[in-house]
Amino acid sequence: MSGNATATRVHLSDDELVARAKSELPYNARAFEIIVRRYEPKVLEACVRYLGSDQDAEEVSQDVFLRVFHGLKRFEGRATFRTWLYRIVRNECATRYRKRKRTAERQDVVRHHLLTESPRSTPAPRIDEGWTGPVGVVLKRLSEQDREILILRHIGALEFQEIAEALEIGLSATKMRLYRAEERFQAAYETVRSKDE
């Protein structure tokens, strides 16, 4: 493919790229690759913010694009592509988060048992959550519901209607949930910053 043809495809809208990708896949992935290049940085950032672990975020972002690859033929366009994509991001991150939480809980049970049975044993270190800096600390403290709506709005840069569709709630409920999440984030952020000073 010539450089001009590639440049032209890069400047296509999401709708145009999705239509091309649907017609090309699975034998030709050029349009799909442009979609990945367009959204991969934002998806990865959203996964990092949601999960707090670079390694988990890398794996989950790959899972997201695998789901997009396999599900694109069934994408009907009732929501925007971006809304559909971030719904997948949200679901994949939530699944990984729950799985990691269950693993950590099992490790805590084992650690407690080891400490009770053998006081001289060294406790295993906790799983590194990867949250660094005040923003990461605050995000870790927020509820999963608050964290996901802040990520969709401020990292995914979704509009209110897109967030409502991704979360499958009403528009007014979306605005209220975001407003409250931002208030809680601000209060927690100020507390964390004041402790650092």
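The legends below describe close-up views of a predicted model. Local features need pLDDT of at least 70 and side-chain atom pairs count only at pLDDT 80 or more, while totals for chains, interfaces and linings use all residues. Residues are numbered from 1 along each chain as its sequence is written, and side-chain values use heavy atoms, with hydrogens and water left out.

**View 1. Salt bridge between Asp14 and Arg38.** A salt bridge is a side-chain nitrogen of Lys or Arg within 4 Å of a carboxyl oxygen of Asp or Glu; nine are counted by this rule. In the pair of Asp14 and Arg38, the closest N and O atoms are 2.8 Å apart. Helices are DSSP runs (H or I, at least four residues), numbered from the N terminus. Asp14 is partly exposed at 21% relative accessibility, and Arg38 is partly exposed at 29%. Buried means under 20% relative accessible area, exposed over 50%, and partly exposed in between (1.4 Å probe, protein chains only).

**View 2. Salt-bridge network around Arg96.** Arg96 and Asp56 form a salt bridge with an N to O distance of 3.1 Å. Because Arg96 lies in helix α5 (residues 81-117) and Asp56 in helix α4 (residues 54-71), the pair ties together parts that are 40 residues apart in sequence. Arg96 is buried at 17% relative accessible area, and Asp56 is buried at 12%. Salt bridges link Asp56, Glu59, Asp63 and Arg96 in a network.

**View 3. Salt bridge between Glu76 and Arg78.** The N to O distance in this pair is 2.3 Å. Glu76 and Arg78 are both exposed.

**View 4. Buried and exposed residues of helix α2.** Leu17, Val18, Ala21 and Glu24 are buried in α2. Down the helix axis, the buried residues of α2 fall within an arc of 135°, so they line one face of the helix; the arc is that of the directions from the helix axis to the C-beta atoms. Asp15 and Ser23 are exposed on the other side of α2.

**View 5. Loop residue Asn28.** Asn28 sits in the loop between α2 and α3 and is partly exposed, at 22% relative accessible area. A polar atom of the Asn28 side chain lies 3.0 Å from the backbone nitrogen of Arg30.

**View 6. Leu72 in the largest nonpolar core.** A nonpolar core is a set of buried Ala, Val, Leu, Ile, Met, Phe, Trp, Tyr and Cys residues joined through side-chain atoms within 4.5 Å. The largest such core has 48 residues, and Val68, Leu72 and Phe81 have the most contacts inside it. Helix α3 supplies the largest share of this core, eleven residues. Leaving aside neighbours within four places in sequence, Leu72 is in contact (heavy atoms within 4.5 Å) with residues including Val18, Phe32, Phe81 and Trp84.

**View 7. Aromatic cluster of Tyr39, Phe75, Phe81 and Trp84.** Rings of Phe, Tyr and Trp (its six-membered ring) pair if their centres lie within 6.5 Å; planes under 30 degrees apart count as stacked, over 60 as edge-to-face and the rest as tilted. The whole structure has seven aromatic pairs. Phe81 is buried at 2% relative accessibility, and Trp84 is buried at 16%.

Notes
Helices (H or I, at least four residues) and strands (E, at least two) are DSSP runs, numbered from the N terminus. A polar contact is a pair of N or O atoms within 3.5 Å; within protein, one must be able to donate a hydrogen and the other to accept it, and residues adjacent in sequence count only if both atoms are side-chain atoms.
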